[in-house]
Amino acid sequence: MPEFRKPKSLTDVPFHYCPGCTHGIVHRLVAEVIDEMGIENETIGICPVGCSVMAYDYFTCDMIEAAHGRAPAVATGVKRGNPDKFVFTYQGDGDLAAIGTAETVHAAARGENITVIFINNTTYGMTGGQMAPTTLPGQVTQTTPYGRNPNVEGFPVRVCEMLATLSGVALAERVTVTDPANIRKAKAAIRKGFEFQKNKQGFSIIEVLSTCPTNWGLSPVEAMKWLKENMVPYYPLGVFKEGAIR
């Protein structure tokens with residue numbers, strides 16, 4: 001049987017994430033894909049502002065820290081200056097879908113040949129659990145103590161569905177990492193995003209539905225159950241767009 005090892009593209013630095021947070025799982029999947037494609041020395045990652053702000057400590061490939069929300073803009077410059085490199089951003093919902101909405105949408109509309117890993121846990125995890133663009137209707141957060149009211153705070157943003165309407169997007173897929181079967185699907189989607197970039201097909205986004213037990217006020221097990229019962233119905237899993245730019 002094959003031996004279970006830490007991916008070569010992950011450092012030995014222990015993750016700082018809370019117990020039950022799924023950032024660690026996604027980090028491993030990204031690193032496994034980099035290892036399997038043999039592109040560690042050809043990959044440049046862009047870190048966000050958010051819980052994964054210190055992702056540069058965890059990946060062995062070159063990493064750049066971007067200002068809050070600006071990862072797609074930084075990735076655009078890096079990729080245009082180094083078109084043969086693999087460039088990915090790793091962003092949460094506050095970074096990508098709030099302060100970084102413009103950068104995300106316009107990088108997608110331009111068909112920038114980058115791969116975006118988008119972590120959706122419906123909350124601002126790093127700053128204490130405030131409402132995010134992806135917070136569900138009725139969901140209690142620090143800034144919606146009675147639950148998000150669409151009549152007041154508006155409706156959540158379904159990022160993959162929105163970006164799938166843009167001609168520059170080659171891949172928009174939503175996955176989760178709640179169990180082994182879904183973890184395998186998530187890895188396949190991440191691999192697909194890197195392959196699309198290799199083939200110069202355009203902008204790829206892989207959205208990963210993730211947990212935040214600390215700010216949800218749940219145990220890790222309860223958080224997984226809450227994700228399955230509440231997030232997946234509102235954010236259905238699957239491919240929303242796949243193919244070369246048209």
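1. Helices (H or I, at least four residues) and strands (E, at least two) are DSSP runs, numbered from the N terminus.

2. This is a predicted model: local features need pLDDT of at least 70, side-chain atom pairs count only at pLDDT 80 or more, and totals for chains, interfaces and linings use all residues. Residues are numbered from 1 along each chain as its sequence is written, and side-chain values use heavy atoms, without hydrogens or water.

3. The largest nonpolar core has 30 residues. Such a core is a set of buried Ala, Val, Leu, Ile, Met, Phe, Trp, Tyr and Cys residues joined through side-chain atoms within 4.5 Å. Val-26, Phe-88, Ile-117 and Ile-190 have the most contacts inside this core. Helix 1 (23-37) is one of the elements giving two or more residues to it. The largest share, 7 residues, comes from helix 1.

4. Phe-88 has contacts (heavy atoms within 4.5 Å) with residues including Val-30, Ile-34, Ile-117 and Phe-194.

5. A second, separate core has 22 residues, among them Leu-96, Val-116, Phe-118 and Phe-203.

6. The structure holds 0 disulfides. A disulfide is a pair of cysteine sulfur atoms within 2.5 Å. Cys-47 is buried, at 0% relative accessible area.

Technical notes. Buried means under 20% relative accessible area, exposed over 50%, partly exposed in between (1.4 Å probe, protein chains only). Lists of a residue's contacts leave out its neighbours within four places in sequence.
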